[in-house]
Amino acid sequence: MLLSPRLTPETYKCLIDAARQDPEAFWLRESRRLQWMNAPTSAMDTGSGWFADGTLNVSVNCLDRHLETRGDHTALIWQGEDTGSVLRLTYRELHARVCAMGNVLRDSGVKRGDRVAIHLPGVVEGVIAMLACARIGAMHVVLFGGFSAEAIADRLADSGAVLVITANVGRRGAKRIPFKTTMDTALGLRPEALAVRRVLVVEVTWDEVPLQEGRDALLTPLLAAASTECEPEVMKATDPLFLLYTSGSTGKPKGIVHGTGGYLTWASFTHELIFDHQQGDVFWCTADIGWITGHTYVAYGPLANGGTLLLFEGMPSHPAPGRWWDVIQSHKVTTFYTSPTAVRALMSEGDEIPGRYNLSSLRVLGSVGEPINHEAWTWFHDVIGGGRCALVDTWWQTETGGAMISLVPGAVAPRPASATLPLPGVNPVLLDEKGQPLDGAVEGILCIDGSWPGRALSIWKDDALFQTTYLKPYPGHYFTGDGARRDADGYYWITGRVDDVINVSGHRIGSAEIEDALSEIHDISESAAIGIPHDLKGQGLIVYVVPHHGLSDTQLAALKDAVIKTIAAKVGRYAVPERVYLVPDIPKTRSGKSVRRLLRKIACGETEGFGDLSTLANPAIVADLIAVIGRN
Ligand code: 6R9
């Protein structure tokens with residue numbers, strides 16, 4: 001049965017107007033969607049943060065308060081890699097498991113304010129551990145399953161995590177991913193820089209797991225012995241809830257800190273609005289919990305709203321194409337939220353495969369992580385949604401906490417491949433390069449004016465960097481790093497990053513992150529990483545490498561291999577470049593900055609139309625680069 005959307009264009013307009021006319025009253029009212037221990041008396045961030053005098057606990061909001069009305073409703077459906085392995089947890093059962101985990105963490109010495117790192121494959125313990133941290137007031141630091149040992153070690157050191165939750169292995173089709181071994185390597189890399197005292201291990205399979213005496217323990221026996229009642233910490237709305245690393249245009253990945261009351265209000269508000277959340281929905285967000293989408297829309301939004309979330313352990317096309325459609329059919333998924341890269345990959349398998357499944361339970365489809373092209377939008381909407389589902393393209397970022405510009409089902413008319421209009425309380429502006437606001441139908445740098453409840457509090461241990469990255473580039477505005485076009489009706493089309501962040505399959509990769517990793521290869525004098533359009537991945541990563549003079553042919557031949565191996569080891573396999581070019585030099589401005597605009601054009605095969613090259617320090621290099629690309 002299809003339910004009609006809760007909102008109409010008229011009711012939505014009232015919401016937008018109310019948020020504009022009296023934002024303080026609007027957000028104070030919206031905050032009441034949560035259960036507060038002490039309800040806030042002020043909403044807006046006037047220097048002391050959102051809902052500053054409110055107190056609450058996030059896990060109580062996601063679990064305890066639902067027990068009375070929907071304790072026996074399904075909170076979580078876990079679909080394992082094998083068709084036959086399904087786990088359903090009611091709110092009561094999830095509550096008990098989270099409490100047990102909270103007690104295990106407390107017994108392991110974790111205190112309020114401590115950081116707990118979570119590095120897990122797609123098992124239920126991920127969401128349980130996040131909520132358990134929230135319950136005891138510890139901050140979780142979820143690490144993406146695809147990070148290398150070096151990348152993990154960097155994040156453990158920066159966050160000062162005292163405890164790690166990992167798995168013996170992860171299942172990826174027939175493959176086994178050695179989570180625990182990778183963690184052991186990470187912990188051994190620079191032990192003096194780490195504060196990790198304890199490692200708790202989830203046994204995903206019966207595979208043997210090496211345990212270090214005194215430090216490591218299997219989680220199952222500890223959970224079995226733990227009480228299923230766990231007193232929640234009373235947290236201030238402005239206390240940090242979690243820390244999540246993301247890549248920027250400069251330096252190392254930064255730990256984005258999100259707060260408690262504002263973040264959860266935003267997660268709940270946006271989840272209800274953009275997915276038209278209704279009783280009985282089965283909500284499936286395919287993101288890994290290691291990314292912000294996995295925080296806000298796998299865990300916090302759906303649970304804060306008392307929904308049913310689906311977690312799938314496996315891959316889209318394993319053991320055969322159509323597996324995702326099978327999951328939708330089996331569990332009667334109503335809301336399906338994924339990335340353009342996934343849509344394009346599934347589209348390339350043809351229409352016949354989804355045609356074999358009954359997808360009529362679907363009501364809302366969502367896209368996130370990168371711009372969705374017209375063709376993928378149309379296929380998703382027509383073939384998967386059968387033309388009857390709303391397709392919400394949701395633009396947002398790790399730093400914004402939740403969706404900012406998105407279609408709202410029933411309330412906003414769609415335009416293929418457009419993220420459409422800002423949500424209530426979100427005030428985007430487009431600026432020119434000098435920072436002047438642009439009016440009307442125009443393209444410019446996307447900034448946001450004012451604050452909103454979900455905005456990140458800071459960068460871990462570096463508030464000055466938060467200010468210089470987001471608030472100082474265009475004073476008075478929050479700088480997103482994205483460009484956008486606006487049409488005459490105020491609809492937004494996100495054009496992609498305007499900084500040095502590359503978006504490969506929705507994964508943010510900083511060019512500096514790649515270049516830093518490569519600076520450690522002895523035979524390389526410098527490098528430059530750029531992104532160019534890629535049919536499936538949105539952007540493909542290209543690396544230009546300048547070898548030292550005088551290397552032999554054999555040394556040069558080994559260099560490309562070394563580049564790939566180094567990036568896989570220092571960052572992760574997800575950041576391995578599409579192509580590596582060995583070049584004599586990198587085009588530079590007179591002040592020594594790599595001119596990435598030229599590097600992008602040349603990598604795309606362009607041979608002319610580069611504009612005035614006389615301002616370069618080394619204009620002759622352009623012809624050399626064109627020759628290298630032509631030969632490869
Ligand atoms: C939620 C998330 C953020 C960057 C963002 C932008 C790109 C995300 C998008 C989109 C076009 C969309 N992005 N959603 N671009 N349309 N609907 O992905 O967070 O990993 O921090 O990435 O992703 O470039 O700035 P995060």
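This is a predicted model: local features need pLDDT of at least 70, side-chain atom pairs count only at pLDDT 80 or more; totals for chains, interfaces and linings use all residues.
A polar side-chain atom of Arg 508 lies 2.7 Å from an oxygen atom of the ligand, and a backbone N or O atom of Glu 370 is found 3.4 Å from a ligand nitrogen atom. Taken alone the ligand exposes 530 Å², of which the protein buries 97% (Shrake-Rupley areas, 1.4 Å probe).

The ligand is surrounded by 17 residues, the closest being Asp 393, Thr 398, Asp 482, Arg 497 and Arg 508, where a residue counts if one of its heavy atoms lies within 4 Å. Helix H10 (292–304) and strand E24 (492–497) each supply at least two residues of this shell; helices (at least four residues) and strands (at least two) are DSSP runs numbered from the N terminus.

Strand E24 also belongs to an open sheet of five strands, ordered E20-E19-E21-E23-E24 with antiparallel pairing, two strands being paired if DSSP finds at least two bridges between them. Strands E20 (437–438) and E24 stand at the edges with a single partner strand each, so one side of each lacks a neighbour in the sheet. Five bridges join E24 to the antiparallel strand E23 (residues 477–486), and Ala 484 has Ile 494 in E24 as its bridge partner.

Residues are numbered from 1 along each chain as its sequence is written. Local features need pLDDT of at least 70 and side-chain atom pairs count only at pLDDT 80 or more, whereas totals for chains, interfaces and linings use all residues, and side-chain values use heavy atoms, with hydrogens and water left out.

Methods. A polar contact is a pair of N or O atoms within 3.5 Å; within protein, one must be able to donate a hydrogen and the other to accept it, and residues adjacent in sequence count only if both atoms are side-chain atoms.
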